[in-house]
Amino acid sequence: MQAWQVHENGEPREVMRLAEVEPPTPGEGQVLLRVRAANVNFPDALLCRGQYQLRPPLPFTPGVEICGETEDGRRVIANPALPYGGFAEYALADARALLPVPDALDDAEAAALHIGYQTGWFGLHRRARLEAGETLLVHAASGGVGSAAVQLGKAAGARVIGVVGGADKAAVARELGCDVVVDRRTGDVVAAVKEATGGRGADVIYDPVGGEAYAQSAKLVAFEGRIVVVGFASGSIPSPALNHALVKNYSILGLHWGLYHTKNPKLVLRCHEELTELAARGAIKPLISERVPLAGAADAVQRVADGVTTGRIAVLPPNGATA
């Protein structure tokens, strides 16, 4: 089979190599899946760089979420078991963690439903307890993680403010349903959000960026607001001033979605059921900006790493879905 492999750490475009290898052999509790579509995530770039919290042995195949097909023909959503990731024709996965694909979604959309939407659901509902009528601010609103949070926020009845970088991304954020869009490249984020909220700020802030975005969040969070820390795509991990949280009565909430697989797996299933229902009624639909062949995976991962994409890029192996 064809599979992308990383033999040394570095930038994705430089270290990912497409090779002809033997299909992996399932271990105990694992299943071999034919990859129908694999979604590109920022952690794929971190894996290539050796900067992710999980460091699979070299060589490994990146690709952390897929829509796959079981031996009996079922479409499933899965997180591949590294080092046999999803940028390949076949991948391994935990047989107990397979999730059914919602009928409303095609293979590429299904591959993008898992990590970003589960993270958004847990962040907004489990951690921040977002309520209808509240104001939600989403950093990097046109990206894969941000676009999921925007859709989930709108589905929950929130007023959504999206922060983006560039005119093209601003247009995508508006199409996603953001009530207010702020382009950080051409405007003052803090001033624009304060104006949009009458000086009150946002009740919930969803931050997958860190760095300067977090500094803005601390200035913009409302009284008794909640900042959900999802990741640090900027590469800069902030050091919050806890006295500031005390003075303004706001909460700083961390979210590592992967922990729920071991700490409370039933919640992952419940979340998927709710996401399936939302997809069935059209309230959410993963934004697939590009569908590329397997040969284009390294370039796709690099572009996601560089922050120049919107929505999700789906990688389609030759034996999987069609573009």
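Predicted model: local features only at pLDDT ≥ 70, side-chain atom pairs only at ≥ 80, totals over all residues.

Q: In what order do the strands of the open sheet follow one another?

A: The order is β10-β9-β8-β11-β12-β13, with 6 strands and parallel pairing. The edge strands, β10 (180-183) and β13 (251-254), each pair on one side only. On average, neighbouring strands are turned by 20° against each other, direction ignored.

Q: How many bridges join β11 to β12?

A: Strand β11 (residues 202-207) and strand β12 (residues 221-229) run parallel and are joined by 5 bridges. Tyr206 stands opposite Val228 in β12.

Q: How are two packed helices described?

A: The description uses the angle between their axes and the distance between the axes. Here, helix α2 (residues 42-49) packs against helix α12 (residues 297-305) at an angle of about 100°, the axes being 8 Å apart. α2 is therefore roughly perpendicular to α12. Phe42, Asp44, Ala45 and Arg49 in α2 meet Val301, Val304 and Ala305 in α12. The residues of this contact comprise 5 nonpolar, no polar and 2 charged.

Q: Which residues do ring pairs link into a cluster?

A: Rings are taken to pair if their centres lie within 6.5 Å. By this rule there are 2 aromatic pairs. Trp121 and Phe122 form an edge-to-face pair, 5.0 Å centre to centre with 80° between the planes. Ring pairs link Trp121, Phe122 and Tyr260 into a cluster.

Q: Are Trp121 and Phe122 buried or exposed?

A: Both Trp121 and Phe122 are buried.

Conventions: Residues numbered from 1 in each chain as written. Heavy atoms only, no water. Phe/Tyr/Trp six-rings, centres within 6.5 Å; stacked < 30°, edge-to-face > 60°. Buried < 20%, exposed > 50% of the residue type's maximum accessible area, 1.4 Å probe, protein only. Axes fitted to C-alpha atoms, helices over the stretch in contact; angles between N-to-C directions. Helix = DSSP H or I, 4+ residues; strand = E, 2+ residues; numbered from the N terminus. Parallel < 35°, antiparallel > 145°, perpendicular 65-115°, else oblique. Contact = heavy atoms within 4.5 Å. Nonpolar A, V, L, I, M, F, W, Y, C, P; charged D, E, K, R; others polar. Pairing = 2+ DSSP bridges.
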